[in-house]
Amino acid sequence: MSELTRAQIRDLMGEVMKAQGKELPSDDSADLREIGFRSLDFSELALRVEDEIGDELNFDAPGLRQIAKVGDVLDFIEQLQSA
Amino acid sequence: MSGRRRSTALIGDDNTVVVGGKTLTWRTLHKLPQLPSPAAVLVDNGADALAAVRHHAVHGTELLVATSSRVDLAMREELGESGFAVVLANGDEHSVTPAKLKRVEESGRVWLLTSGSTGRPKRIGHTLESLTTVRGKQQPRTWLVPYSPGTYAWWQVITISLTQADQGLVVIEPSELETWPAIAAEHGVTAASGTPTFWRQTIFRDSEALAKVPLEQITLGGEPVDQAILDQLAELFPQARISWIYASSEVGASIVVHDGKAGFPKAWLDRDPDPASERPVLSVDGDELVIASPHHGAGLEGAHRTGDRVEFVGDRVLITGRLDTDEINVGGSKVSAGLVRNVLMAHPAVAWARVFARKAPLVGRMVAAEVVLNPDLGPVTDADLVQWCTNRLPDYGVPRRIRFLAEIPQKETLKSDV
């Protein structure tokens with residue numbers, strides 16, 4: 001299966017938030033701590049992406065980075081898909 | 001060898017045995033030709049398995065009985081090299097591959113193969129006597145035999161019928177597993193033993209048909225037993241005694257619980273040995289259940305580490321699953337797959353669930369699940385189940401990915417690898 005677009009990843013992120021009774025703001029600069037997006041949620045998002053693309057994401061490839069905002073998550077997952 | 005020994009096991013020789021649609025007795029079952037000893041008798045149906053057992057009970061020959069599908073070619077070779085003639089039984093016809101190693105038989109020895117859930121099946125030595133763990137006089141009953149021939153659970157039911165009067169059998173072949181309630185109702189089955197998966201599948205397929213079986217005794221074993229399945233059976237059969245048994249080829253039947261609750265009382269741990277009773281000594285080391293049982297297999301005396309994980313909940317000890325697969329480490333927080341499964345199974349619309357670890361970034365492992373829904377109880381989404389679990393489990397224990405299956409998976413051993 002092909003890579004997901006940034007919009008599709010955003011939709012999946014919204015589903016993760018919705019399952020936790022929360023809403024994903026439309027602003028990519030929203031702070032993850034403030035919106036309650038935690039490491040478990042990030043892990044779930046990664047699994048959802050893996051299920052969609054039918055492949056495992058390679059987390060070893062990209063270097064360390066700070067993931068503090070919604071946009072960082074989307075950037076990171078986009079980068080992982082092409083890693 | 002013939003006529004050398006007639007075992008007292010044959011008290012039940014006139015008990016009714018329904019097999020392959022025929023109503024017989026142990027005495028009138030077809031006779032297998034004289035078996036070599038030791039012999040590994042591989043069968044494809046229940047009638048041949050019972051005939052092999054009766055042959056053993058009459059002649060005392062060394063016997064391993066198993067379904068042919070459980071014993072692959074490599075294992076047949078191993079058996080031959082261990083002194084077993086391999087007999088493929090098929091009614092009155094059979095083929096014999098002579099043993100590659102000549103050795104003296106162990107008269108009266110019965111061999112079981114472990115289920116192989118922890119690796120390649122192992123041979124465990126027993127005798128008819130060590131396999132006969134129900135010794136008190138039983139009220140007249142007709143027992144269902146859904147288990148695969150040669151397993152410990154199968155022997156438990158078989159020895160009751162061999163050693164006690166008025167204990168009939170109704171044998172269910174694999175092809176009859178989906179329709180067994182109709183067969184059981186027709187033949188008046190009053191007692192049935194099966195894995196939780198077996199009972200769940202039956203309720204899932206046709207609980208109306210199940211309710212028509214006049215069950216007085218319901219037994220569960222072979223897998224962790226959760227409260228939800230005990231409650232469902234109690235609702236269907238309010239008058240029946242519902243028991244669960246912890247048993248294995250290695251330690252025999254060691255824990256028997258009749259109070260309708262999952263787990264066993266904490267007070268049963270570390271009791272003093274009582275040689276007069278046949279009570280096993282139960283203990284817990286770390287998270288592991290340890291048992292010293294009088295019903296153990298040959299050479300397995302003393303305390304045996306079961307490899308099963310326990311968890312204390314209130315005044316009960318719950319057996320949650322295998323140690324090597326039950327504990328899921330989610331970012332340093334540990335959760336029992338068995339307990340998560342119990343929570344899922346307690347949802348009214350869930351007919352079956354399997355909980356497992358899935359590799360995930362940041363936290364290492366996440367809890368995931370496969371679920372079969374009861375179609376009669378309305379649409380349920382993964383979000384509904386996540387919410388149900390969120391209200392009952394710590395956040396790291398909530399299954400984040402739930403996949404729905406159409407049917408409950410089941411193996412020949414009636415287990416489903418949960």
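**Entry 1**

I looked up B:Asp166 and found it partly exposed, with a relative accessible area of 46%. The bands are these: buried is under 20% relative accessible area, exposed is over 50%, and partly exposed is in between (1.4 Å probe, protein chains only). I note that this is a predicted model, where local features need pLDDT of at least 70, side-chain atom pairs count only at pLDDT 80 or more, and totals for chains, interfaces and linings use all residues. Residues are numbered from 1 along each chain as its sequence is written, chains are lettered from A and ligands numbered from 1 in the order in which they are written, and side-chain values use heavy atoms, leaving out hydrogens and water.

B:Asp166 has a positive phi of about 60°, although it is not a glycine. Most residues other than glycine have a negative phi. I found B:Asp166 in the loop between helix H4 (152–163) and strand S10 (167–171) of chain B. Helices (H or I, at least four residues) and strands (E, at least two) are DSSP runs, numbered from the N terminus.

I then checked B:Asp270. Its phi is also positive, about 55°, and B:Asp270 is not a glycine. It lies in the loop between strand S15 (264–265) and strand S16 (281–285) of chain B. At 57% relative accessibility, B:Asp270 counts as exposed.

**Entry 1: a cis bond**

I looked at the peptide bond joining B:Ser37 and B:Pro38. It is cis, with omega about 0°. Most peptide bonds are trans. B:Pro38 sits in the loop between strand S2 (22–25) and strand S3 (39–43) of chain B.

**Entry 2: the sheet**

I traced an open sheet of eight strands in chain B. The order is S2-S1-S10-S9-S11-S12-S13-S14, with mixed pairing. Two strands pair if DSSP finds at least two bridges between them. S2 and S14 of chain B are the edge strands, each pairing on one side only. From one strand to the next the twist averages 25°.

Is S14 of chain B enclosed or open? Five of the six residues of this strand (residues 252–257) are buried, so it is largely enclosed by the rest of the structure.

S14(B) pairs with strand S13 (residues 241–248) in the antiparallel sense, over five bridges. The two form a hairpin with three residues between them. I noted two bridge partners: B:Tyr246 with B:Ile255, and B:Ile245 with B:Val256.

**Entry 3: the cores**

Which residues have the most contacts inside the largest nonpolar core? They are B:Trp154, B:Trp199, B:Leu220, B:Trp244, B:Ile255 and B:Phe264, in a core of 82 residues. A nonpolar core is a set of buried Ala, Val, Leu, Ile, Met, Phe, Trp, Tyr and Cys residues joined through side-chain atoms within 4.5 Å. Helix H1 (residues 46–59) of chain B gives the most to this core, with eight residues. Another core lies apart from it, with 29 residues, among them B:Val330 and B:Val340.

**Entry 4: two helices**

I checked how H1(B) meets H4(B). B:Ala49, B:Leu50 and B:Val53 in H1(B) meet B:Trp154, B:Trp155, B:Ile158 and B:Leu162 in H4(B). The helices pack at an angle of about 60°, with their axes 12 Å apart. Axes are lines fitted to C-alpha atoms, for helices over the stretch in contact, and angles run from 0 to 180 degrees between N-to-C directions. H1(B) and H4(B) are therefore oblique to each other. Angles under 35 degrees count as roughly parallel, over 145 as roughly antiparallel, 65 to 115 as roughly perpendicular, and the rest as oblique.

Note on methods. Contact = heavy atoms within 4.5 Å.
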